[in-house]
Amino acid sequence: MNREVPLQADGRRVTTVRDRLWARYRDDNIAEQLSSVPWNNVLDAMLSHRSIRSYLDKPIRPEILAAAQSAPTTSNLQAWSVIAVQDPDRKARLAVLAANQRHILDAPLLFAFVADLARLRSISADRDHPGIALDYIEAFIFAIADAAFAAQNTLLAAQSLGLGGCYIGAMRNHPAAVADELALPDEAMVVFGMTIGYPDPSVDSDVKPRLPQNAVLHREGYSSAAPDTLAEYDRRMQTFQAEQNMRLIDWTEQAALRVRDEAALTGRRVLKEFLMRRGFSLR
Ligand SMILES: Cc1cc2nc3c(=O)[nH]c(=O)nc-3n(C[C@H](O)[C@H](O)[C@H](O)COP(=O)(O)O)c2cc1C
């Protein structure tokens with residue numbers, strides 16, 4: 001069953017629910033089965049997500065913070081912060097530190113999402129509490145998770161307003177220099193950046209297919225993905241790559257290369273040492 005999906009805020013083409021599902025999986029059966037589920041604008045925004053790396057030269061104001069702060073947060077501790085960077089010189093310096101990614105220069109706004117235990121440390125000290133739990137990996141995990149939930153809310157909110165964006169994991173390539181550039185205190189770390197801007201409509205990019213659901217959905221307990229499931233995804237991704245004029249490579253090969261060796265970490269092998277130097281105990 002096909003239902004009309006409302007026109008998106010950025011005026012991109014109207015597609016049906018079935019189209020959206022097909023684009024995400026490139027699988028007629030799944031598209032058909034799932035397209036009868038009740039549909040709404042939130043699902044539509046989620047399913048139409050694609051990372052945007054080309055922007056119009058049009059300024060924006062960083063006012064989607066309420067959506068970011070509305071994300072769930074561990075025990076309401078809100079162990080995250082975000083730094084909005086709009087100064088072109090600072091963006092340029094950060095772009096150099098983040099693999100010279102052009103879209104950091106082009107985007108009118110760069111958010112740096114911070115796993116922030118510094119605020120809780122200072123609150124603990126002010127109240128004469130030792131803050132021992134902050135020394136444990138557990139605290140680091142919840143700070144990163146909180147930052148990620150806030151970031152994803154930000155991206156969805158931006159998309160709902162006709163904006164687009166892209167996470168910048170490369171902000172961890174030179175963590176100390178990034179921390180210095182953004183004047184971070186101890187026990188605060190940039191988890192990733194996020195470029196935000198109005199998508200350039202002349203640059204066409206499509207929704208990137210994801211793994212078949214049975215590769216990620218495990219019922220009652222973990223089971224390894226069947227090899228033919230992954231092979232099918234390799235085929236679908238190659239079709240997508242051909243359409244987008246991208247280099248043709250199996251996704252399984254690309255994924256294995258991305259985690260192959262220390263070089264694949266693009267500098268991020270120093271993270272543990274950086275964290276220890278910045279006051280994270282990670283016990
Ligand atoms: C934490 C994180 C870090 C990322 N870092 C980068 C990055 O540094 N540069 C980039 O161009 N894309 C980056 N991406 C975007 C991913 O490459 C992208 O989400 C993925 O290929 C899926 O494509 P889609 O978002 O268009 O569906 C990052 C995504 C995440 C979630």
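Asn100 is exposed, with a relative accessible area of 57%; here exposed means over 50% relative accessible area, buried under 20% and partly exposed in between, with a 1.4 Å probe and protein chains only. This residue is found in the loop between α5 and α6 (102-106), where helices (H or I, at least four residues) and strands (E, at least two) are DSSP runs numbered from the N terminus. The C-alpha atoms of Asn100 and Ala170 are separated by 9.3 Å, although the two residues are 70 residues apart along the chain.

The model is predicted: local features need pLDDT of at least 70, side-chain atom pairs count only at pLDDT 80 or more, and totals for chains, interfaces and linings use all residues. Residues are numbered from 1 along each chain as its sequence is written, and side-chain values use heavy atoms, with hydrogens and water left out.

**Loop residues with positive phi**

Most residues other than glycine have a negative phi. Asn76 has a phi near 55°, a positive value in a residue other than glycine. Asn76 lies in the loop between α4 (65-69) and β1 and is exposed, with a relative accessible area of 54%. Thr266 also has a positive phi, near 40°. Thr266 is found in the loop between α12 and α13 and is partly exposed, with a relative accessible area of 41%.

**The sheet**

Four strands form an open sheet in the order β1-β2-β4-β3, and the pairing is antiparallel; two strands pair if DSSP finds at least two bridges between them. β1 and β3 (164-168) stand at the edges with a single partner strand each, so one side of each is left without a neighbour in the sheet. Neighbouring strands of this sheet are turned by 25° against each other on average, direction ignored; the axes are lines fitted to C-alpha atoms, for helices over the stretch in contact, and angles run from 0 to 180 degrees between N-to-C directions.

The pairings are listed below.

| Strand pair | Sense | Bridges |
|---|---|---|
| β1 (residues 80-85) and β2 | antiparallel | six bridges |
| β2 and β4 | antiparallel | eight bridges |
| β3 and β4 | antiparallel | five bridges |

Individual partners can be named within these pairs. Leu110 in β2 is the bridge partner of Val85. Phe113 has Phe192 in β4 as its bridge partner, and Asp116 stands opposite Ala188 in β4. Cys166 stands opposite Thr195 in β4.

In a regular strand the side chains alternate between the two faces of the sheet. In strand β2 (residues 109-116), eight of its eight residues are buried. Leu109, Phe111, Phe113 and Ala115 cover one side, while Leu110, Ala112, Val114 and Asp116 are buried on the other. β3 is mostly covered as well, with four of its five residues buried.

**The nonpolar core**

The largest nonpolar core has 51 residues, and those with the most contacts inside it are Phe113, Leu117, Met171, Leu182, Val190 and Ile196. Such a core is a set of buried Ala, Val, Leu, Ile, Met, Phe, Trp, Tyr and Cys residues joined through side-chain atoms within 4.5 Å. The elements that give two or more residues to this core are β1, α5 (88-97), β2, α8 (137-160), α9, β4 and α13 (271-277). α8 gives the most, with ten residues.

**Cavity and pocket**

On a 1 Å grid over the protein atoms alone, a cavity is a set of points where a 1.4 Å probe fits but cannot get out; a pocket is an open set with protein on both sides within 12 Å along at least five of seven lines, and lining residues have an atom within 4 Å of a point. Grid points are joined across faces, edges and corners, and a volume is the space filled by probe spheres set on the points.

A search of the whole structure finds one cavity of 30 Å³ or more. The largest cavity holds about 40 Å³ of space. Its lining consists of Met171, Arg172, Pro175, Val178, Ala179, Leu184, Met189, Val190 and Phe274. By class, the lining divides into eight nonpolar, no polar and one charged; Ala, Val, Leu, Ile, Met, Phe, Trp, Tyr, Cys and Pro count as nonpolar, Asp, Glu, Lys and Arg as charged, and the others, Gly among them, as polar.

The largest pocket holds about 1,300 Å³ of space. Of the 31 residues that line this pocket, His49, Ser51, Arg53, Lys208 and Arg210 lie nearest its centre. α8, α11 (227-243) and α12 (251-258) are the elements that give two or more residues to the pocket lining. The pocket lining divides into 14 nonpolar, eight polar and nine charged residues.
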